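Here is a friendly note to read alongside the model. Please keep the structure open and find each residue as you go.

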Amino acid sequence: MTATKELRIGVFTPSGAQLLDLSPIDLFGVMYPEYLRACILSVLIVEMGMPSTIYYISMPESGTHIELTAKAILEISKTTKDKEVQPGMLDILLVPGPSHATIFDAKVLDFVSGHAAWRRSDGRSADILSVCTGCIILGQSEILKGKNASGPRGRMPKLRKDFPDTAWVDDKRWVEEGSIWTSGGITNGQEIVAEYIRKNFLGLASEAALAMADVGQKASSIPKAIRGRLYGGYGR
């Protein structure tokens, strides 16, 4: 993550996406000082809040709105052409899950790989977090080659076939691999963002935000009994 007094976050939806996959972005919103103040928390907690600017990004040809699941409509605030969201301008890029079968063109993949490749003077890059099938975009952009990654457990055989150079981990809710974080299915996105916040913004404000949202209590590892019962045996 880059050093900044105000986070710059991009949510990248080149096509439709799962509404629940996108929802963890609001955990950063709960950390706004204004939000914490509105919750009548102590001045100390409010002063430790983290302001951020959040951009909802899509392709220039996608238009001004993107349809999500549950017929929700997302207003796009920036396209991949805008200077505010170019590599080096964002601290975090969140990639919610698209349709499983989507094959993305080079312009989409170049945008993601560009953020992964950019380095500041100390060698750090933007952090990229994918939720559920968001890992497909990361896989197609080739930034998961040689890395461990998580994804939706029911898709593990397909992910291993399509991206054999990635070590797919099927017994974790999320996997951190340097600046790239990948999560399992849908609501694991809440847990990966909670863990990201806890790791990068240790303090009263982050803990208050996670407590109010009632997330961040699950371990990364999924117990064997649960894996066998709920995930068709994947990760046993």
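1. Which residues in α9 are buried? They are A205, S206, A208, A209 and L210. Here buried means under 20% relative accessible area, exposed means over 50%, and partly exposed is in between, using a 1.4 Å probe and protein chains only. Helices (H or I, at least four residues) and strands (E, at least two) are DSSP runs, numbered from the N terminus. An α-helix has 3.6 residues a turn, so residues three or four places apart point the same way.

2. A word on the source. This is a predicted model, in which local features need pLDDT of at least 70 and side-chain atom pairs count only at pLDDT 80 or more, while totals for chains, interfaces and linings use all residues. Residues are numbered from 1 along each chain as its sequence is written, and side-chain values use heavy atoms, with hydrogens and water left out.

3. Back to α9. Its buried residues pack against α2, α3 (33–38), α4 (43–47) and α8; contact means heavy atoms within 4.5 Å. Just after α9, D214 takes a positive phi of about 60°.

4. Now the largest nonpolar core, which has 33 residues. A nonpolar core is a set of buried Ala, Val, Leu, Ile, Met, Phe, Trp, Tyr and Cys residues joined through side-chain atoms within 4.5 Å. I25, F28, V193 and F201 touch the most other members. Two or more residues each come from β1 (7–12), α2 (25–30), β2 (52–58), β6 (92–95), α8 (188–200) and α9 (204–213). With five residues, α8 gives the most to this core. In soluble globular proteins, nonpolar side chains tend to be buried together.

5. Leaving out residues up to four places away in sequence, F28 touches L7, I9, M50, S52, I92, V193, Y196, I197 and F201. There is also a second, separate core of 27 residues, and F104, C135, F163 and I180 are among them.

6. What is the strand order in the open sheet of seven strands? The order is β5-β2-β1-β6-β7-β11-β10, with mixed pairing. Two strands pair if DSSP finds at least two bridges between them. Strands β5 (78–79) and β10 (174–177) stand at the edges with a single partner strand each, so one side of each has no neighbour in the sheet.

7. Look next at β1 and β2, which pair in the parallel sense over six bridges. Not counting residues up to four places away in sequence, Y55 touches I9, G10, V11, S77, K78, E84, V85 and L90.

8. β10 and β11 form a hairpin with two residues between them, and G178 in the turn has a positive phi of about 65°. Helix α8 lies across β6, β7, β10 and β11, running at about 150° to β11. That angle is between N-to-C directions, on a scale from 0 to 180 degrees, with axes fitted to C-alpha atoms (for helices, over the stretch in contact).

9. Is D170 buried or exposed? D170 is buried, with a relative accessible area of 15%, and sits in the loop between β9 (167–168) and β10. A polar contact of 3.0 Å joins the side chains of D170 and R160. Such a contact is a pair of N or O atoms within 3.5 Å; within protein, one must be able to donate a hydrogen and the other to accept it, and residues adjacent in sequence count only if both atoms are side-chain atoms.

10. Last, the cysteines. Counting a disulfide as a pair of cysteine sulfur atoms within 2.5 Å, the total is zero. C135 is in no disulfide, and the nearest cysteine sulfur, that of C132, is 7.2 Å away. C135 is buried at 0% relative accessibility, whereas C39 is partly exposed at 29%.
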